[in-house]
Amino acid sequence: MWWEYVVYFVNATVLAAALRMATPLIFASMGGILSERSGIINIGLEGMMLTGAFMGMLVTFYTANPWVGLIGALLSGGVVGLVHAVATVRYKVDQVVSGTAINIFAGGFTVFMLRTVFDVAGTSPAVERIPTVAVPLLRRIPFIGDILGHQNPVVYLALILVVAVHLFLFHTVWGLRLRAVGEHPRAADTVGINVFRARYLAVIASGALAGLGGAYLSIAHLSRFGDGMTAGRGFIALAAMIFGKWTPFGALGASILFGFADAVQMRLQEVGIPRHFVLMLPYILTMVALAGFIGRATPPKSIGKPYEKE
Amino acid sequence: MRNVELQQRSLTSRNLLVPIGSVVLALLVGSIFILVVGENPLYAYRVLLVESFGSINNIAGTLQRSTPLIFTGLGVAFAFRCGLFNIGAEGQLYVGGMVAAIIGVSFGNLPGLIHLPIAVFAGMLAGGLWAAIPGILKAKLGVHEVINTIMMNFVAYYLTDFLVTGPFHGGRWAPETDRVFPTAVLERILPPSRLNTGIFLAIVALVVVYIVLWKTKTGYEIRAVGLNPSAAEYGGISVARNMVLAMVISGAVASLAGVEQVLGVHGRFIQRFSPDLGFIGIAVALLGKNHPVGVFFAAVLFGALRTGGAAMDRLTDVPRELVVIIQAMIIMFVAADELIRRLVPRRRKA
């Protein structure tokens with residue numbers, strides 16, 4: 001029966017897994033939104049995530065407290081964000097070039113550190129991880145409880161973050177200013193908004209959030225760091241941001257959709273659909289969205305252009 | 001409109017300031033990392049230099065690692081000349097390499113004089129067509145090519161993952177194709193290094209790109225679009241046509257990196273064989289100022305870093321990843337030309 005197939009692919013177990021897969025994407029795509037809404041392209045999300053994944057593990061290794069590790073990831077991601085901000089805002093480095101440099105740097109830096117600190121090349125030693133929790137009332141709700149009731153606290157943090165970023169962007173004066181800076185920096189400057197400061201803060205926050213997304217992988221989902229463990233998730237987050245049209249809830253939906261694709265790929269392989277084609281979907285969908293075939297995705301107006309004060 | 005100055009300034013000392021300053025600065029910052037590991041930077045860099053240029057065999061190794069970077073750097077530079085950022089060289093070289101491998105493992109009865117050129121050209125064609133998609137999307141719909149070339153990288157990874165583990169999986173357990181027939185191999189030149197005739201192909205590509213860009217009408221048009229698309233359009237040059245053409249040529253040249261790796265170095269397509277060759281190609285293009293001569297020297301520098309880095313890893317306590325860090329910093333510094341220009345005069349005064 002076709003119905004049995006649907007239940008095999010779409011059930012609480014798969015959806016719960018989809019949410020877990022989506023979590024790092026949610027963090028990084030929220031970071032991407034903040035950066036790009038301020039007018040700075042951030043293709044360095046991947047490198048920021050990787051740095052966060054490594055530093056989260058490293059701090060946890062020394063403190064034996066994964067929550068402190070999470071803060072370490074947040075700060076280290078923020079530092080990488082600061083580098084991107086200084087390069088693109090202060091020195092007007094091409095934003096794509098800076099992001100590329102950050103991605104290459106993070107790939108080298110994390111393995112360099114892994115080998116220097118632990119004298120291993122592939123994966124770090126195991127560290128403490130943030131354990132999953134069962135939410136008292138939520139877990140008793142049928143179906144919903146099976147998806148949401150028993151997850152890692154970092155997953156809940158991601159969902160809260162989406163609401164927070166939405167409220168910030170569209171319901172606070174700071175969010176309004178940030179969007180103004182990304183759309184019409186000249187006009188924003190004229191009315192007294194500090195364009196440079198807004199961009200600095202947005203890009204630093206972007207790195208910090210991407211760092212959290214990376215740390216989810218190394219100290220919540222798993223309990224170790226592996227060479228290149230983000231495996232392109234920074235770019236999927238970028239895709240989720242675009243597919244979600246630079247809005248928090250849109251990016252959340254896209255992240256869950258892409259997380260779902262990730263979660264069902266093995267089951268699809270079992271019924272003869274090659275999983276590699278499922279894994280391609282986020283990227284193809286994003287290209288289709290950009291081309292305007294499913295409601296045009298339009299980036300903030302002044303994105304990619306350095307701002308010069310007159 | 002013909003007054004637009006399209007002549008590339010010659011490689012004067014002023015033009016060399018930023019590239020050389022960037023490399024020096026990156027090496028300086030790199031020495032901090034060497035100190036952290038507890039090694040002497042001068043010693044480590046000496047090892048790096050000697051092991052990349054100190055003997056014929058070392059030079060051959062350096063050139064071998066430079067060969068694919070010439071292709072990717074040249075490809076990225078070509079697109080830059082048209083004002084396009086091709087960040088998809090990585091995907092293009094996988095697609096090109098895969099098609100070359102498919103041709104290479106098929107048609108065992110062809111003579112080498114036919115088999116090898118077909119494999120090479122088919123790979124180029126595939127890479128060019130792959131790059132045409134973001135080119136067309138940019139030219140017709142105005143979609144930024146950066147995002148689309150990134151997205152197509154991942155499509156290329158998964159497509160070749162599928163092909164190399166599925167239909168074209170070789171006889172061995174590892175995720176790789178069978179060995180290509182000897183008739184499709186780019187011969188080794190200086191064994192035991194893996195330097196192969198691909199280096200000649202790279203030099204031909206450098207010359208051809210130079211001629212196309214500066215000695216033909218097409219090249220003039222492509223550069224005109226790169227300098228100022230609206231002025232070019234006003235002057236009767238089709239921006240859309242030249243953008244697509246530039247992406248096709250860019251992708252075709254970049255994909256030769258994959259072709260060379262498959263037919264010359266590995267003799268087969270190996271899943272995810274590229275150590276970021278396409279991304280380092282961006283560094284090569286930037287450092288080489290998007291000029292074939294510059295691209296050649298930048299590729300040799302990065303090839304030397306990779307060869308020397310591997311030796312440094314063996315002979316000292318410095319992990320080879322140091323050279324990746326240095327490469328990333330070169331990209332950043334070369335793009336931050338304002339920073340370099342500010343630093344250099346200051347040092348002279350002191």
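What is the average pLDDT of chain A, and what percentage of the residues score at least 70? In this predicted model, chain A averages a pLDDT of 92, and 98% of the residues reach at least 70. Chain B averages 90, with 94% of the residues at 70 or above. For the complex as a whole, the predictor gives an ipTM of 0.91 and a pTM of 0.92.

**Where to read with care**

In chain A, helix α1 (residues 2-9) is lowest, at a mean of 78, while helix α3 (residues 45-63) is highest, at 97. Two stretches of chain B deserve a flag. Over residues 1-11 of chain B, pLDDT stays under 50, and the model has 15 contacts there beyond four places in sequence. Residues 346-350 of chain B also stay under 50, with zero contacts beyond four places in sequence. Where pLDDT is low, the predicted coordinates should not be read in detail.

**The two chains**

Chain A is built with 13 helices and two strands. For chain A, with 310 residues, a compact globule would have a radius of gyration near 19 Å, and the 20 Å of chain A agrees with that.

Here are some overall values for each chain:

| Chain | Span along principal axes | Buried residues |
|---|---|---|
| Chain A | about 65 × 50 × 40 Å | 55% of 310 residues |
| Chain B | roughly 70 × 60 × 30 Å | 56% of 350 residues |

Counting contacts with a separation of 6 or more, residues 24 or more positions apart account for 76% in chain A. The corresponding share in chain B is 77%.

**How the chains meet**

The contact between the chains takes 36 residues from chain A and 36 residues from chain B. On the chain B side, α1 (13-37), α5 (112-141), α6 (145-165), α11 (277-287), α13 (321-335) and α14 (337-349) each supply at least two residues. The largest share, ten residues, comes from α6(B). By class, this side of chain B has 29 nonpolar, three polar and four charged residues.

**A closer look at B:F33**

B:F33 is found in helix α1 of chain B. Is B:F33 buried or exposed? It counts as buried, because it has 22 C-beta neighbours inside 10 Å, and the cut-off is 20 or more. Leaving aside neighbours within four places in sequence, B:F33 is in contact with A:F112, B:L322 and B:I325. By contrast, the C-alpha atoms of B:F33 and B:T67, 34 residues apart along the chain, are separated by 28 Å.

**A one-sided helix**

Helix α2 of chain B (residues 41-53) has 13 residues and reaches 18 Å from its first C-alpha to its last, close to the 18 Å expected at 1.5 Å a residue. Which residues of α2(B) are buried? They are B:A44, B:V47, B:L48, B:E51 and B:S52. These residues cover an arc of only 110° around the axis, which puts them on the same side of α2(B). An α-helix has 3.6 residues a turn, so residues three or four places apart point the same way.

Key. Residues numbered from 1 in each chain as written. Chains lettered and ligands numbered in written order. Predicted model: local features only at pLDDT ≥ 70, side-chain atom pairs only at ≥ 80, totals over all residues. Contact = placed C-beta atoms within 7 Å. Helix = DSSP H or I, 4+ residues; strand = E, 2+ residues; numbered from the N terminus. Nonpolar A, V, L, I, M, F, W, Y, C, P; charged D, E, K, R; others polar. pLDDT = per-residue confidence, 0-100. Rg over C-alpha atoms; globule rule 2.2 N^0.38 Å. Buried ≥ 20, exposed ≤ 12 C-beta atoms within 10 Å, placed from the backbone. Expected span 1.5 Å × (residues − 1). Arc of directions from axis to C-beta.
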